[in-house]
Amino acid sequence: MKTEKEWPLLEVKDLAVEYHAGGEIVQAVNGVSFTLNKGETLGLVGETGAGKTTIARSILKILPDPPAKVKGGEIYLDGKNLFALSEPAMRKIRGKQISMIFQDPMTALNPIFTVGEQIAEVIKLHEKVSRRKAGEMARKMLEMVGIPEDRFSEYPHQFSGGMKQRVVIAMALACNPQLLLADEPTTALDVTIQAQVLDMMQKLKKELQTSMIMITHDLGIVAEVCDRVAIVYAGEIVEMGTAWDIFQDARHPYTEGLFGSLPSLTGEEKRLHPIPGMTPNPAALPEGCKFAPRCPYATDACKKEQILDMEVSPGHRVRCNRCGKKEG
């Protein structure tokens, strides 16, 4: 029996999620398992539609029902099964122990309330302080993310995209959560502002000792902020390991394809090598390996048999029949 200190902060076991729409069953997440330790950053990487956001929303229990249905699995936070908690119990956890930075800051902010009011509301709800004290704490959070406190009474439309994202980050971190879910937090930002926001998130994460799941398709962000990386394809984790494992010893053909699609400032390649084909229809997934229709190494066995992941080195797991046959 593990003691509380030995538990990982977050443990996801065999998570499976479906969406029922238009007479079809969309298999969004198919048996995903991973752990996250205290103070660690895990990157979830994959193409659009891979199931990354669905995994994050499952952790917070904010999937739309209908059409979403959790078909199986368990999620533990500090040893507590979140799926066994009532909705009132989950409301106490959201914003306090687990917070989420959503992809589009404009849709995450209410246009009819000031940014200060929205941050203060989160604090007042979870910290049980007076309205005045919540306002003071909200002003400090604005300062912490680089926004002058005299902008407390301004509305979201008065802020630029980068500043709105800072406000959303301030809201997410206002109650010092144990776990931060960041869903492509820099996608809508230009490169300069993106770098500033990432630096700020890293600084705040270190100061507040927060664990983080970074959802992205940008491998540059992964290299900068993540300790471990999970490559997600068609609702499955096809490769997982440390950032070094993924960047220096990638084994899965899909991971190799992602790196082959990146431009290089030092290489002699004149053309990129995109991954052929398209991601499979999640309402009609292929048998066997989901990546087989796009894989240059696929065999008949890959197309028919269930592919189990295996550990190729300590902590480095790959879901591929040729994972032990790296060439070159």
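Residues are called buried when their relative accessible area is under 20%, exposed when it is over 50%, and partly exposed in between, with a 1.4 Å probe and protein chains only. The structure described here is a predicted model, in which local features need pLDDT of at least 70 and side-chain atom pairs count only at pLDDT 80 or more, while totals for chains, interfaces and linings use all residues. Residues are numbered from 1 along each chain as its sequence is written, and side-chain values use heavy atoms, with hydrogens and water left out. Helices (H or I, at least four residues) and strands (E, at least two) are DSSP runs, numbered from the N terminus.

Two cis peptide bonds can be described next. One joins aspartate 65 and proline 66, with omega of about -5 degrees, and the other runs from proline 66 to proline 67, with omega near 10 degrees. Proline 66 is placed in the loop between helix H1 (52–60) and strand E4 (68–77), and proline 67 is in the loop between H1 and E4.

Turning to the helices, H4 (residues 115–127) has 13 residues, and its first and last C-alpha atoms are 18 Å apart, close to the 18 Å expected at 1.5 Å a residue; the expected span is 1.5 Å times one less than the number of residues. Its buried residues include Val115, Gly116, Ile119, Val122 and His126. The buried residues of H4 pack against helix H2 (87–93), helix H5 (131–144) and helix H6 (161–173), where contact means heavy atoms within 4.5 Å. Isoleucine 119 in particular touches Ala138, Met141, Leu142, Val167, Ala170, Met171 and Ala174, not counting residues up to four places away in sequence.

Helix H7 (residues 191–208) has 18 residues that should span 26 Å at 1.5 Å a residue, and the 26 Å between its end C-alpha atoms agrees with this. Buried in H7 are Gln194, Val197, Leu198, Met200, Met201, Leu204 and Lys205. These residues lie on the same side of H7, because they cover an arc of only 165 degrees around the axis, the arc being that of the directions from the helix axis to the C-beta atoms. Thr192 and Lys206 are exposed on the face of H7 turned away from its buried side. Just after H7, glutamine 209 has a positive phi of about 55 degrees.

Aromatic pairs are the next topic. Rings of Phe, Tyr and Trp (its six-membered ring) pair if their centres lie within 6.5 Å, and planes under 30 degrees apart count as stacked, over 60 as edge-to-face and the rest as tilted. The whole structure holds four aromatic pairs. Tyrosine 233 and phenylalanine 291 form an edge-to-face pair, 5.2 Å centre to centre with 90 degrees between the planes. Tyrosine 233 lies in strand E9 (residues 228–233) and phenylalanine 291 in the loop between helix H10 (253–260) and helix H11 (300–304), so the pair ties together parts that are 58 residues apart in sequence. Both tyrosine 233 and phenylalanine 291 are buried. Phenylalanine 247 and phenylalanine 259 are also edge-to-face, at 5.1 Å centre to centre and 70 degrees between the planes.
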